[in-house]
Amino acid sequence: MTHTQGRVVLDSADMSRALTRLAHEIIERTQGAQNVTLMGIPTRGVALANRLAQRISEIQGSPVQVGAIDVTMYRDDLRMQPARALLPTVIPEDGIEGRLVILVDDVLYSGRTIRAALDALSEHGRPQAVQLAVLVDRGHRELPIRADYVGKNLPTAKTESVQVQLREHDEIDQIVIRQAS
Amino acid sequence: MKHLLSTADLTRDDAILILDTANQLAQATGQGVGKLPPLRGRTVVNLFYEDSTRTRISFEAAAKRLSADVINFAAKGSSVSKGESLKDTALTLEAMGADAIVLRHGSSGAANTLANSGWISGSVVNAGDGTHEHPTQALLDAYTLRRHLRAGAGDLAGATITIVGDILHSRVARSNVHLLKTLGANVRLVAPPTLLPFGIDTWGAEVSYDLDDALVGADAVMMLRIQQERMNAAYFPTIHEYSQRYGLNQARVNLMNQGAIVMHPGPMNRGVEITSEVADSPQSVIVEQVTNGVSVRMAVLYLMLGGNEATV
C-alpha cells in the first residue's frame, strides 16, 4: 500500500452494509419514508441515491421518488476555473414542493457543494424540509452544514484526498484515501 | 478558445460539449427554472450593424436567462450613423466594461478584426459577418438535427444533409458545412451555378444543380433564403423559375428518407424557396430551430463567460 496506490478504507462489503444501515436510518427518521424524495448530486451522488432508493423500497415494499440535482452553475468557485460541463438535473414526477428532500452525495468535505445544492433546489420549489445523507464525512467544514445520515466518519488530513469508487462508474465499490500530490 | 468566430475553429469535442451543454440548459428551462445564475455580474453587448430580429432577441434572451446584464447597441440611430468607426465603438464598449461582444456586421471578417485588434479584452461572438460565417446558427442547426436524427446525443456520423439555395451569399451555409463535416455528416449543396461560390469544390461537400437528385436519401434539408439585399446582379432569370427548380414543395419532401426534417434559418420567403404547405407541415422544424437557438446561445455564453477563462 503505497501512497500513489492509496489506502482502501472501505471495501465493497463495508459499503453495502453502510448503505443498508443508511436506508434503515432514513426509514426510521422519516417514519416510513412515505414523503421522501432522494436527490443525488452528480456524479456519484446520483448512483448512491439510486442504490438507497432501491434498498428503501425493498424494505418498505413501495417505491421511493429519486432524482438528480446538478449544482455546477450555483457553485461559489465557478469563476475560479474554466466553465465546467453541466450534468443532468432530473426532477421526479411529483416535483419537490412539500416533499421531504434528502440530498445524497458521496463525500462531505467543505460543505460548499451542499450550499450550492440548496440554492439549486430552491429554483425547483419549496420542500417541506431538506436533509443530507452522505457516504463519507471527512470533516474540514468551511460552512455551517452537517449531515443527517453518515455512512462512515473518516477523519482525514487536508492534504489527503478521499475517492469514492462505485460500480456504476468505476467498476468497483470501494473508498480510497490518497496523499494528494 | 476565447472567441467564437467560425465553426471551422471547433473540434468535434468542442462542438459536442456545446451541444450537450445546450441540452442541459434546455432541460433546466423546460423544468421551469426561469433564470440561471452563472453569468451574474457579466456584461454582454449585442453590437448589431445589420438588421436582425431573431438573432438579436435570441442572444438577448440567452444572456438574460443566465443572469448577465445585456446592452443592445444597434448601429442605426447610434453614433455609428454619425460616422464612428468599429474601432471607436469597440473602445467605447471596452471602457464600459463589456465581458463579451456579440457582433453582427455586414463585412466578412469584421468579428475576426474585432477579436484580434487589441481594442477589447473581452470575448467576441460572431453573430454573422457579411457572407462569411454565422457559427451559432450552425450550432443550433446541428442541435436540432441531433435531436431529431440522433436522439439528442453524440455526433451526426452517417447523416446526409442537403443545403439548398443561395450558397454564394450564405454565411449560414458556410458555417454549417464546416460544423456538419466536423460532426461526421455528409453534406450536399444544391444551387444554380450562379449562386455557388468560387472554390466550392474545396469545401468537401457534394455539389449538385438538381434538387430532386440531391433529396433522395437525405435525412434533412436546409432551405436558404434568397438574399435580395446582397444581390447586385442577375443570378437567375425570374423568381418563378428559381422556385420551380429550387423551391421545396411536398412532392420533393417525399423524396427524402423516412422521418427526414425540413429546416430554414429564417426569415422565410414563402412561395419562393419553400411553399407554405411544407413550411407548416409536421416535418418542418423551423419554429423549433428558434427555440433551440436560445439554448445553444446560452451554452456558448456559459462556456465562454461562466468560468475564469473560456472552455471551448
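1. In the contact between the chains, 20 residues of chain B meet 15 residues of chain A. The model under discussion is a predicted one.

2. On the side of chain B that touches chain A, α1 (12-30) and α11 (286-305) of chain B each contribute at least two residues. The most comes from α1(B), which gives seven residues to that side.

3. As to composition, the side of chain B that touches chain A comprises 10 nonpolar, eight polar and two charged residues.

4. A separate point concerns strand β6 (residues 186-190) of chain B. Four of the five residues of β6(B) are buried, and the strand is therefore largely enclosed by the rest of the structure. Here a residue counts as buried if 20 or more other C-beta atoms lie within 10 Å of its own.

5. Strand β5 (residues 160-164) of chain B is paired with β6(B) in the parallel sense, over five bridges. Within this pairing, I161(B) has V187(B) of β6(B) as its bridge partner. Between β5(B) and β6(B) the chain passes through helix α6 (residues 171-182) of chain B, and this β-α-β crossover is right-handed.

6. Strand β7 (residues 206-208) of chain B also pairs with β6(B) in the parallel sense, over three bridges. In this case L189(B) stands opposite V207(B) of β7(B).

Note on methods. Residues numbered from 1 in each chain as written. Chains lettered and ligands numbered in written order. Predicted model: local features only at pLDDT ≥ 70, side-chain atom pairs only at ≥ 80, totals over all residues. Contact = placed C-beta atoms within 7 Å. Nonpolar A, V, L, I, M, F, W, Y, C, P; charged D, E, K, R; others polar. Buried ≥ 20, exposed ≤ 12 C-beta atoms within 10 Å, placed from the backbone. Pairing = 2+ DSSP bridges. Right-handed = clockwise from strand over helix to strand, strands pointing away.
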